[in-house]
Structures are given as C-alpha cells and as structure tokens.
Amino acid sequence: VQLQASGGGLVQAGGSLRLSCAASGSFFSVDAMGWYRQAPGRQRELVATITKSGSTEYSDSVKGRFTISRDGAKDTVYLQMNSLNFEDTGAYYCYARMKVWVGSRFEDYWGQGTQVTVSS
C-alpha cells in the first residue's frame, strides 16, 4: 500500500494551493482519509479529515479557508487551501484508514509528506 502526496510548494500569503493524495497498491477498502501537518519544532496536528460517507472535520485554525474532498473511485483525497498565511507553513501528511484484506482490521497508512511554504 502506498499513499502518494503532491501539490505542495511555495506560495505568497493570501494565495492558494491544492494538495492531492492517492492510495495505490493492494487493499480491500478505504475508510477515513485526511491530512495532518507539522511545522518545524512543533508536533504533528490534524488539519482535516473526511469519512467514506463524506462527513468532514477541520481544525479551528483552517475552518473557512481549507476544504477537504475525496474521489472514492480513485481512492484520492484532496485539500484545497485558500487564504494561506505564514502559520500554514509545514510538511503536510496524508493518511488513509484502510483494510488490506477483508478479514483484517482498519489501520492508518501515511504518505511521505509534501512541503507547503507560505511567504509573508
């Protein structure tokens, strides 16, 4: 199982970026997907999650600015980030809660991280 994240980069404050994360490999099903981020010297924090049915959850710091969505057919999760500010800088990690086969438990799998840098 692999999660491939992309879409990070350097953007000016007030700008936008769209992150993508696609799951690939052999697995039975995907439940929740989402994004965490980690700034230098800080702990990893939840940004947003989305369940298989489409229910979403956001951290207070990104509500109203970020939108999470997913394409179930492609096992891909997206994060549209608008009105970016300096505090959004960090490495963004996607995750997916998956069953690799019908009899296994759901486990969390992580992508490699994509860097977002917001210049002031």
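Select tyrosine 92 to begin: threonine 114, in strand β11, stands opposite tyrosine 92. Strands here are DSSP runs of E with at least two residues, helices are runs of H or I with at least four residues, and both are numbered from the N terminus.

The model is a predicted one, in which local features need pLDDT of at least 70 and side-chain atom pairs count only at pLDDT 80 or more, while totals for chains, interfaces and linings use all residues. Numbering starts from 1 along each chain as its sequence is written, and side-chain values use heavy atoms, with hydrogens and water left out.

Next, select residues 90-99, which make up strand β9. Nine of the ten residues are buried, so β9 is largely enclosed by the rest of the structure. Buried means under 20% relative accessible area, exposed means over 50%, and partly exposed lies in between (1.4 Å probe, protein chains only).

Two strands count as paired if DSSP finds at least two bridges between them.

Then show residues 29-38, strand β4, which runs antiparallel to β9 and is joined to β9 by eight bridges. Glutamine 38 can be found opposite alanine 91 of β9.

**Serine 119**

Move to serine 119, which belongs to strand β11. Its relative accessible area is 26%, so serine 119 is partly exposed. Show what lies within 4.5 Å, heavy atom to heavy atom, which is the cut-off for a contact. Leaving aside neighbours within four places in sequence, serine 119 touches Leu10, Val11, Gln12 and Ala13. Asparagine 85 is 34 residues away in sequence, yet its C-alpha lies 7.8 Å from that of serine 119.

**The whole chain**

Zoom out and colour by secondary structure: the protein has eleven strands and zero helices. The radius of gyration is 14 Å, close to the 14 Å that the globule rule gives for 120 residues, so the protein is as compact as a globular protein of that length. That radius is taken over C-alpha atoms, and the rule is 2.2 Å times the number of residues to the power 0.38. The C-alpha trace spans about 50 × 25 × 25 Å along its principal axes. Of the 120 residues, 42% count as buried. Among contacts between residues at least 6 apart in sequence, 55% join residues at least 24 apart.
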